[in-house]
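Have a look at the model first, then work through the points.

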Amino acid sequence: MKVLVCVKQTFDTEAKIELKDGKIADAGINLIINPYDEVAVEGAIQLKEKGIAKEIVIVAAGSDKAMDAIRTALAMGADRGILVQQDTAADEFARAVALAEAIKAENPNIILAGHVAADDGSSQVPTRVAEILGLPHVNVITAVEIAGDKATCTSEADGGTQVTEVSLPAVISSQVSWNEPRYPSMKGIMAAKKKPVATAAAAAAENKVKILEFSLPPAKAAGIKLEDEPEVCATKLAEWMKNTVKVEVK
Amino acid sequence: MAANFAINNIRDFEFIIGEWLPTERVFNYPQFADYYSKDDIKSVLGPILKMCKEVIEPTNDDGENHPIKFENGKVTTPPTFGPLFHQLQSEGWGTSNIDKAPDAMVMPEMLHMAVWELIGAANPTFMPYVLLTTGAADLIQSFGDEKLKQMFLPKMMDGTWSGTMCLTEPSAGSDVGDILSRAYPTDDPRIFKIKGNKIFITAGDNDFTENIIHLYLARIEGARPGTGGISLFVVPKYWVNEDGSFSDNDFQTTGVEHKMGQAGSVTAALAAGENDGCRGWLLGNDPREHEGKGQGMAQMFQMMNLARMETGHMALSCIINAFCNARDNAKERVQGRLLTNPKAGRVAIINHEDIKRTLLMGKAHIEAIRAMMYRVYLAFDQRERDPDPEVRKAASDLIEMTTPLCKAYPSDEGWWLISEAIQSYGGYGYCEEYPVAQIARDMKIYSIWEGTNYIQSMDLVGRKMQMKGGSLFGAWVKEMVDFCEANKGNEALAKEFAILDKALKAYQEMLKVYAGYAKTNFSLVPLYSRRVLTITSQLYCGRQILDQAVLADKKAKELGADHYDYNFYSGKVASAKYYLHNVVPNVWSVCEIIADGDSSALEVPLEAFEYM
Ligand SMILES: Cc1cc2nc3c(=O)[nH]c(=O)nc-3n(C[C@H](O)[C@H](O)[C@H](O)COP(=O)(O)OP(=O)(O)OC[C@H]3O[C@@H](n4cnc5c(N)ncnc54)[C@H](O)[C@@H]3O)c2cc1C
């Protein structure tokens, strides 16, 4: 069985975001595999360890820098990679078209991905890929069992869990609680150097979304501090709530 | 929760290995060429940094909360230490990097040491289990025959077994020549019966490896007295039979020490052969066939030299983590107003002059020591693998020369430096709730074990400075003089080069005076040896950090102040300036003290100490 994992390279979640000339300044920012996708990679490796998956292919669409994300996934234990070279300004639609094109050529049995990316948080790409490829899609899974050409997925649902059975091939996107991704071993990092990574040009697709402007959240206004005897403070606070914040008491 | 791994990036390693040191040649050695390049520093160290924060840091608390216990003859280690040991060893981050097999998957030593530096900062009390296993396996690899290698190495490399070095005995500490452990011949000329007691043995027992392989010093009946007659034995806790099964080897743990720090690291007292049933494999010659001469000390020195580098490096790990924590605290802790602008209100203490100075003092020492150590680790790679015998020899000389500096300087300075990190916290630094107090307790041992820093200083002045008639040392000093000469035209760092030059001149004068003492009043040599070691290190570190500054200054100017990496480079220049202006002048001040030659400490009657 061939498992394909879609991986996005994102900013380190600890990175401080700054704007320069109206755009997000990415120079010098540490880049990592989207943590949700890392869970999908780990899920694929566990399927291989169980003898279910035979080959794990990593696909990333993005700039050449995304090669690092592919290498990390290979160091964790995936077998080979495909870098779909695409402008980082591609939106979710263009991204999904490019990925779907690469996936079609691979004809995998299972397509895994994180359910959301830590940077733009739009949660669209796996769903769009499934739609383009005409495949079923199960989202936010926390467990999966494969038997024959069926996958039984457990996913989060309001107030409980939902168990879905799908026929393969299917797109399955992971919730973080599915597993605990492993750290690449030293030998894994070395082996990754010799694993093949192909590059492909992205299928042409126009963005559907136009970004008008980026802005950082407004800086938090300084609070007010009441320094007095408790009863005086309480009175002042009540007045402030009534007159300034205009809290209505019904 | 006291422990905290506060290192948040690996930029200085990228600079050292990727930009500063001439590492290209190392990355092109056949063993590495297909796997590593200067661009791969991040792909190795990035995941390690993350693992240190997420996996290793929590085990540090475990060491404090579940310290070593010894009950009913059994040692209990902190519960997370065993799983961590197995994980790191089996995943190739530990002992297996010494594997000399042609197809071994290993990384350059300089990169491996960066991995250990980070892990050591995340949990210093865990590291000895890996370090000792590595040293012990290295001895078997160097001096064992094929049979011993097959028997022990694979399991020591993959984490199934661990290892130790057993020198110290109750009556033999600094002077190992006085050991009482004995070895008696058996029918097999390679196997001896071992009888004796060892104390202070780090990782001497544990509850997480199947076997523990002790590299044990003992004297064979009939060998010479003193260090010259000592032999080295492989003494497994459980005897390993031909089929791989175990038998009892009459090797007992009799107690563990309760220490100032390193609560998670076992320091064991061991008894071998109490019932005459302990056996060990001899490594090397039988002294009875070589005029009573044993090879044990020379062999053990291979392990000790590595352990000395690692000891200094562990001290560095502790200094770094202490100062990264101090920095984070100084950014958060609001106290006082700026003397220069009191109306601006309360500020985070990192804005105060004295705290900023403390932090830069820490950063400067860290970078200067790190520069020295990685210069030497580069030589480890060259010594091991360079095709040119001249390069290998030069590398070997550098390692010999600098080992006492790398061991003693970080471990001496670390103690007061970490005390300054504590100071920057104010009262919180003294409280166990914050990490710096524990770091101080954990790090103190590094100036003591592997030969106290006095022993290191005597190694420097008595052996290293005298090697090959002093020519090695002479060339080593001359390299620093040449460095100053070559940079005469550097305007941006002219003042700093002038300081290094002045210090070097004073140092060279001092050497003449000191050599004179060796002839006229020898007691002055050991009296001043530790201080000679300190200033020798400060000179060498000053030379290295100034070399870094030359490069960093150039890059900062090329990039300009708006570039995201500007603060890194200008910060490196600031570190070098601090080190040269505030630390290196100690060289000429100590040179004056030595020239003055005060001998009051020799003349004082011992009885005078009764009146303190
Ligand atoms: C936590 C811990 C772990 C250890 N782990 C190991 C281990 O794994 N294996 C092992 O074999 N040993 C180990 N040791 C032992 C350690 O190496 C010794 O403690 C150290 O070498 C000093 O020996 P000593 O304690 O007997 O002190 P001593 O030799 O008694 O020294 C006491 C003081 O006198 C000074 N001194 C000694 N001789 C002279 C001299 N000739 N001239 C001037 N000054 C002198 C020393 O510098 C020191 O300051 C460990 C010790 C500790 C505390």
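Let's start with a salt bridge (a side-chain nitrogen of Lys or Arg within 4 Å of a carboxyl oxygen of Asp or Glu): R182(A) pairs up with E49(A), their closest N and O atoms being 2.7 Å apart. This pair links distant parts of the chain, 133 residues apart, with R182(A) in the loop between strand 12 (170–174) and helix 5 (186–193) of chain A and E49(A) in helix 1 (residues 35–49) of chain A. Helices (H or I, at least four residues) and strands (E, at least two) are DSSP runs, numbered from the N terminus.

Keep in mind that this is a predicted model, where local features need pLDDT of at least 70 and side-chain atom pairs count only at pLDDT 80 or more, while totals for chains, interfaces and linings use all residues. Residues are numbered from 1 along each chain as its sequence is written, chains are lettered from A and ligands numbered from 1 in the order in which they are written, and side-chain values use heavy atoms, with hydrogens and water left out.

- Over all chains, the count comes to 52 salt bridges.
- D565(B) forms one with R11(B), and their closest N and O atoms are 2.8 Å apart.
- D565(B) sits in the loop between helix 16 (524–559) and helix 17 (566–582) of chain B and R11(B) in helix 1 (residues 11–20) of chain B, so the pair ties together parts that are 554 residues apart in sequence.
- Both D565(B) and R11(B) are buried (under 20% relative accessible area; exposed is over 50%, partly exposed in between, with a 1.4 Å probe and protein chains only).
- There's also a network of salt bridges linking D12(B), E117(B), K363(B), E367(B), R370(B) and K572(B).

**Cysteines**
- How many disulfides does the structure hold over all chains? The number is 0, where a disulfide is a pair of cysteine sulfur atoms within 2.5 Å.
- The sulfur of C166(B) is too far for a bond, because the closest cysteine sulfur, in C278(B), is 10 Å away.

**A loop on chain B**
- P189(B) lies in the loop between strand 4 (182–185) and strand 5 (191–202) of chain B, and it counts as exposed at 62% relative accessibility.
- The C-alpha atoms of P189(B) and D286(B) are separated by 8.4 Å, though the two are 97 residues apart along the chain.
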